[in-house]
Amino acid sequence: MDPRPTIVIGLLGSVLDSGFHQERWNKWRPTVSLCQHSNLPIARVELIYLKPHEHIARCVAADIERVSPRTQVRLTMQELKNPWDFEEVYGSLHDFARDYTFHPDDEDYLVHITTGTHVQQICLFLLTESRHFPARLVQTSPVEPKHRGPEGKYSIIDLDLSQYDRIAARFQREAKDAASLLKSGIETRNPQFNSLIEQIEHVAIYAKEPILLMGPTGVGKSQLARRIFELKKSRHQVGGAFVEVNCATLRGDAAMSALFGHVKGSFTGAYRDKPGKLEIADTGTVFLDEVGEMTLRMQGLLLRFLETGELQKVGTDRATGVVDVRVISATNRKLEDLITQGQFRDDLFYRLNVIHVSVPPLRERKLDIPLLVEAALKQFNRANGYVVRDLDPEAMQALIEYAWPGNVRELQNVIERLVVTGRSEIAKIDDLPPELRHQKVSLRPVKERRRTIADVLYKRVVQDRESFWTAVYPLYMNREITKANVRDLVGKGLEEARGNYKIVARLFNMEARDYKKFLNFLRKHECQVPFREYR
Ligand SMILES: Nc1ncnc2c1ncn2[C@@H]1O[C@H](COP(=O)(O)OP(=O)(O)O)[C@@H](O)[C@H]1O
Ligand SMILES: [Mg+2]
């Protein structure tokens, strides 16, 4: 037998683990139950809970100590705004794993993945698979109803063992396929955007809950919605069609009929029964674009539909059927503001916003610009007879520096115009529209161009307060930026810190104890910059 004590790391199940009265002892509660198996003595439970569930956490801790006095329970509170938000959940669990001192030689870790939201479970799986948690997984379940008792069953899954290689390999393959499908046609080099896409891909495959995409116009929300649908479809998660509804046009009398359908004779001109968009989307996905523009009346009707799935066609006085649709909605408005102004129902908002994705504007992912330009050049050059193949450095620089209020859509329009009107193979700054030309850009030598990448990175760590390890390190490891970029960045840091590497580490949002790791990284990759010049 393994002499190492067993440590369980898990999330509090706000529903499954709850129960305060005497009858809770008859109920299967995953976390408590796990500590009731005589063949699985548990030395310690690390229980992560959300602030509103503190009382449940305390009750569970006390109950564990009662059923298993030798088990110590340590509670960790996390503050999450939305336990369905992939970025937030992954970040918080990643932080937990990073800050936790594991002693794998002396302790045996099990990560309990039965409790928590679907998103939390997937994140625990991923972090265990990637060995951020050096653990095996443990799953618990109640036994059949007729032997119902509080203990339930458990099974341990070791992602390291060869018999599970197949499972892990399959999971990784699926994740990879999914990511490439979602990304096909989506050009991005931005690490956050990449991870956003990867997160959505997991959600897209597994979750049935409504997804709300927020972001300014032209950032790619509609495109993303369609990709999500295609992804679900390829995984047989949805069968039906992708039906797009532009909510801004849902006005007046025709609106209800467009969404819910009507029966023959319900109004002048209704010569036959007509299905609405929701019915057409049955078993598929409805995409509610510009959902912030919906009238209050339509919001009420939509809410009722979302709550029941029941369709009431125009011209009938009761529900005519039930449909099953996944909902993706998108808006470029701040729905929270509309709620304050009384223009959007908060109950509808909560219903639509179960999984929240905000798509960043193009000016916040400048590294994507050259790629998008390249893709757009290819796209528009397909039509023959055009000569423009590329842009000279000055023109490209102007594109990178421009603020792109219309985002990717505007960029595509600019490139299209350039291709259609350009007369030389390499377009120059004078070929660009005036708003891009008059930005006071000077022709910069290569060294300077390189520097703008360092500027973007610098802004990200210093102004946006991202950590070097998340904003820079992965880019470098994926070869998206060069040693020279990292050196330029470090140089900028040293300039600010007057040659003090410790201050640079702090400036780049690293923990004090990461200082050594930072220096080792720079040394190993020859990215060190002599500090003396900056003293
Ligand atoms: N990452 C991307 N890669 C390639 N094309 C993109 C990307 N994001 C958006 N687009 C394109 O930009 C245009 C605007 O995207 P769209 O999804 O309509 O934006 P939104 O719905 O947010 O207004 C579309 O032509 C879309 O194909
Ligand atoms: Mg759109």
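These entries cover the ligand and then two residues.

Entry one, the ligand. I kept in mind that this is a predicted model. I counted the shell around ligand 1 and got 15 residues, with Gly218, Lys221, Ser222, Gln223 and Gln412 as the closest. Sorted by class, that shell holds 5 nonpolar, 7 polar and 3 charged residues.

I found a polar backbone atom of Lys221 at 2.8 Å from an oxygen atom of ligand 1. For Ser222, an N or O atom of the side chain sits 2.8 Å from an oxygen atom of the ligand. Gln412 also has a polar side-chain atom 2.8 Å from an oxygen atom of ligand 1. On its own, ligand 1 has 560 Å² of accessible area, and the protein covers 82% of that. I noted helix 7 (221-234) and helix 15 (407-421) as the elements giving two or more residues to the shell.

Entry three. Where does ligand 1 lie relative to domain 2 and domain 3? It lies between them, because domain 2 (180-358) and domain 3 (362-437) both give residues to its shell.

I traced His37 to the loop between helix 1 (30-34) and strand 2 (44-50). Is His37 buried or exposed? Its relative accessible area is 13%, so it counts as buried, the cut-off being under 20%. Beyond its sequence neighbours within four places, His37 contacts Glu151, Gly152, Lys153 and Tyr154.

Entry five, Glu336. I placed Glu336 in helix 11 (residues 335-340). Glu336 is partly exposed, at 36% relative accessibility. Setting aside residues up to four places away in sequence, Glu336 touches Met214 and Phe349.

Technical notes: Residues numbered from 1 in each chain as written. Chains lettered and ligands numbered in written order. Predicted model: local features only at pLDDT ≥ 70, side-chain atom pairs only at ≥ 80, totals over all residues. Heavy atoms only, no water. Helix = DSSP H or I, 4+ residues; strand = E, 2+ residues; numbered from the N terminus. Buried < 20%, exposed > 50% of the residue type's maximum accessible area, 1.4 Å probe, protein only. Contact = heavy atoms within 4.5 Å. Near = heavy atom within 4 Å. Polar contact = N/O pair within 3.5 Å; in protein donor to acceptor, adjacent residues only side chain to side chain. Areas by Shrake-Rupley, 256 points an atom, 1.4 Å probe, with all protein chains shown as cover. Nonpolar A, V, L, I, M, F, W, Y, C, P; charged D, E, K, R; others polar. Domains from an automatic or database assignment.
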